[in-house]
Amino acid sequence: MATRGAFGASGASRTGDEPVLTGLVQALQRLPGVGQKSAQRMAYHLLQHDRAAAETIAQALSAAVAQVRHCVRCHTFTESEICATCADTSRDAKQLLVVESPADQATFERSGSYRGYYYVLMGRISPLDGVGPGDIGVAGLLERAFDGVVEEVIFATSFTAEGELTAQALSGVLKERGLKVTRLARGVPAGSEIEFVDLSTIAYALNDRR
C-alpha cells in the first residue's frame, strides 16, 4: 500500500496533525509569486526566529482589512472617503491618468512628472483569465471621465497584451464622447510592469505620450 506523500492533494504543506501551521502556509501561498516551499520557509522563520514580527504583521493586516477602502473618486486604496491625491486642489483637473494598480500610481507620483488626477482600475482585462470590463473599475472610470471637467484621459496600463487590450477597449468608448485619449509613449519597454520601470523612463514616457 502506497504511503501518503508530504503534500496533500492541493499541494499545500502537511505538517502532521498541525492544522494551524498548515493553514498559515496555505495563506502565505496566496501571495503573488510565493510557492509552497517559500511559504513554508516564511512560516517557519516567523515562528522560530521572529514571533514579534509575526504579531506585527498580523495586527497590521487586520487593521488594513478593517480600515482601508476604495477612494470614491479614483478607486485607489485609502482610509478616508477621498484619498489625499484627489483632495489636493492644486492638481490639474483636466487630466486623468488611468493605471492598473495603486503600486503603479505610486510609481508615477515618485517620478514627479505628473500633476493631474488618477483613476485606478484595480486590474486589467484578461479574457484568458476570465477578467472582463465588468470585473475591474470600468464603470467608475467612465463616470469619472465624463464629469464635465476632464479633457484628456491618459492610459498608463502596462505594455503587456492584457494592458494593451485594456487601453484599446476603453479608449474607443472615451473617444466617442469627445475626450482626448493618449497612451504612454514606448519609452516603457514592451512586456514590462509599470511598477518595476525606473523613474526616469516613466517621466520620459509620460512627457512623450501620443
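1. Helices here are DSSP runs of H or I with at least four residues, strands are runs of E with at least two, and both are numbered from the N terminus. On that basis the chain has eight helices and six strands. Along the sequence they follow the pattern α-α-α-β-β-α-β-α-β-α-β-α-β-α. The radius of gyration is 21 Å, well over the 17 Å that the globule rule gives for 210 residues, so the chain is more spread out than a compact globule. That radius is taken over C-alpha atoms, and the rule is 2.2 Å times the number of residues to the power 0.38.

2. The model is predicted: local features need pLDDT of at least 70 and side-chain atom pairs count only at pLDDT 80 or more, while totals for chains, interfaces and linings use all residues. Residues are numbered from 1 along each chain as its sequence is written, and side-chain values use heavy atoms, with hydrogens and water left out.

3. The C-alpha trace spans about 70 × 35 × 30 Å along its principal axes. Of the contacts (heavy atoms within 4.5 Å) with a separation of 6 or more, 53% join residues 24 or more positions apart.

4. Buried residues make up 39% of the 210 in the chain; buried means under 20% relative accessible area, exposed over 50%, and partly exposed in between, with a 1.4 Å probe and protein chains only. The chain exposes about 12000 Å², and carbon and sulfur atoms supply 54% of that area. Areas come from the Shrake-Rupley method with a 1.4 Å probe.

5. There are 21 positive and 24 negative side chains, and the centres of the two sets lie 2 Å apart. Lys and Arg count as positive, Asp and Glu as negative, and His and the chain ends are not counted. Each charge is placed at NZ of Lys, CZ of Arg, CG of Asp or CD of Glu.

6. Helix 7 covers residues 161-176, and its 16 residues should span 22 Å at 1.5 Å a residue; the end C-alpha atoms are 23 Å apart, which agrees. The expected span is 1.5 Å times one less than the number of residues. Buried positions in helix 7 are G163, E164, T166, A167, L170, S171 and L174. Their cover includes helix 6 (138-145), strand 5 (152-155) and strand 6 (180-183). Just after helix 7, G178 has a positive phi of about 85°.

7. Two residues other than glycine deserve a backbone check. H75, in the loop between strand 1 (69-70) and strand 2 (77-78), has a positive phi near 75°. M122, in the loop between strand 4 (116-120) and helix 6, has a positive phi of about 60°. At 26% relative accessibility, M122 counts as partly exposed.
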